[in-house]
Amino acid sequence: MDCKDLSSMIKENGIVGAGGAGFPTYMKIDERAQIILLNCAECEPLLKLHRQLLEKYAQEILETFQLVADTVGAEQAIVGIKGEYKDTVAALNRCIHRFPKVSLQLLDSVYPMGDEVVLIYEATGRVVRPGGLPIEEGIAVFNVETMYNIYRALKKNKPVTDKLVTIVGEVESPVTIRVPLGTALQTCVEFAGGATTADPVFLVGGPMMGNIKGADSPVTKTTNAVLVLPKEHSLIQKKNQNPAIGLKRAASACCQCQACTDLCPRHALGHPIEPHKFMRAAANRDFRDANPFVNTFFCSSCGLCELYSCPQGLAPRSLMAEYKTGLRKAGLKPPADVLPAPVRESREYRKAPEERLEARLGLSAYDREAPIEDEVKKVNVVVIPLSQHIGAPAEPVVSVGDAVERGQIIAAAAKGLSVPIHASVSGKVTKVGGGEITLTVS
């Protein structure tokens, strides 16, 4: 298999990054990759999915990882995994000798270790430039579930029709389940025994970078976890904060202690992101120096500054996100010629321990086992979004009333960066429009 064949197969099966923004994976099959990385750092607190999947399918995932390395001509294939995942590390060590290019890089249990820029530095010592792509440093990073999806496409001819999701928090029985794409979040929570709090709030993606979603919101190719919390939880209150109020609080309370900048993971790697300078300039509407605003493009939105670092409980991440969105709407793009400063010596002493972060967030009580159940759950209705990835949304190729089989293409890849969408259940098309396709099981 050459790069073109592998890339085409990945695209045809609708495989995208399963752990973050949903970057189409076929674009990462690149002969410039000298090193490929498998990300098992489980970036967000409370997430259980990747370590469990890698432990259960260590042989299959490493075999596929080696194949990808051979196909692109990479010299190394490194599995980045936290050392505390002892059962998964043991499972890998039992079969890793069969794959000569594959090695393990044990990582500290700090946040945000799963951020690909941080992971690349920890595993290889290379620094991706601000706003740059890993391939510029000869590196391609793959998510554990993404690699498993490549295995299923190669060996079992299965496109992406379902998703593993960890359900934790205020639920009866925390669990990691496999559900058809388009399954409602409320249905997922019911598979975990239901919510144990009145008026539950669903935080999708993790406590740090996740977003609050409605109970009828569908599972997509990038849905890793659903954290169920009471609406009065401090984390929910923080997520719901009005940015305008946040800016006024910054003007009155920010003491310029620099803790947000000192503990910023990207700043520690030499990226020109300095949240304290942004807060000073934004709160005082001081636009004489544009750099604090332009440099918001380089923020990874990890949330450490506002959910861990700031002693005043301010919201640098949220405010920078607002400004970044505004800059993009105004037609501005990130500067392309910014080079990183040297990695800061203090970096090793300014990492955020994950256990301490959980305690600071008020989530320690929710750190419970969430065993994996790998059989696809049965649901009666799915609402499948046409945009589940970075790039152009898929284009419908079915109409209301059509009968479809699970795995059938119901939306073709658009021109440019895009992938197709496959039916996640067998049934009838009951709605097409509004950027989604609804399927009802017959």
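This is a predicted model: local features need pLDDT of at least 70, side-chain atom pairs count only at pLDDT 80 or more; totals for chains, interfaces and linings use all residues.
Contact here means heavy atoms within 4.5 Å. Helix 2 (residues 49-56) lies across strand 6, strand 7 and strand 12, running at about 125° to strand 6. Helix 6 (residues 144-156) also lies across strand 6, strand 7 and strand 12, and its angle to strand 6 is about 150°.

The strands concerned belong to an open sheet of six strands, arranged in the order 9-8-10-6-7-12 with mixed pairing. Strand 9 (211-213) and strand 12 (372-376) form the edges; each has a single partner strand, so one side of each is left without a neighbour in the sheet. On average, neighbouring strands of this sheet are turned by 30° against each other, direction ignored. Strands of a sheet pair through backbone hydrogen bonds, in either a parallel or an antiparallel sense. For strand 6 (residues 162-169) and strand 7 (residues 175-180), the pairing is antiparallel and extends over six bridges. Within strand 7, R178 is the residue that L164 stands opposite.

Strand 4 (110-111), helix 5 (116-124) and helix 11 (265-268) are the elements that give two or more residues to the lining. By class, the lining of the largest cavity comprises 11 nonpolar and five charged residues, with no polar residues.

How values were computed:
Residues are numbered from 1 along each chain as its sequence is written. Side-chain values use heavy atoms; hydrogens and water are left out. Helices (H or I, at least four residues) and strands (E, at least two) are DSSP runs, numbered from the N terminus. Ala, Val, Leu, Ile, Met, Phe, Trp, Tyr, Cys and Pro count as nonpolar, Asp, Glu, Lys and Arg as charged, and the others, Gly among them, as polar. Two strands pair if DSSP finds at least two bridges between them. Axes are lines fitted to C-alpha atoms, for helices over the stretch in contact, and angles run from 0 to 180 degrees between N-to-C directions.
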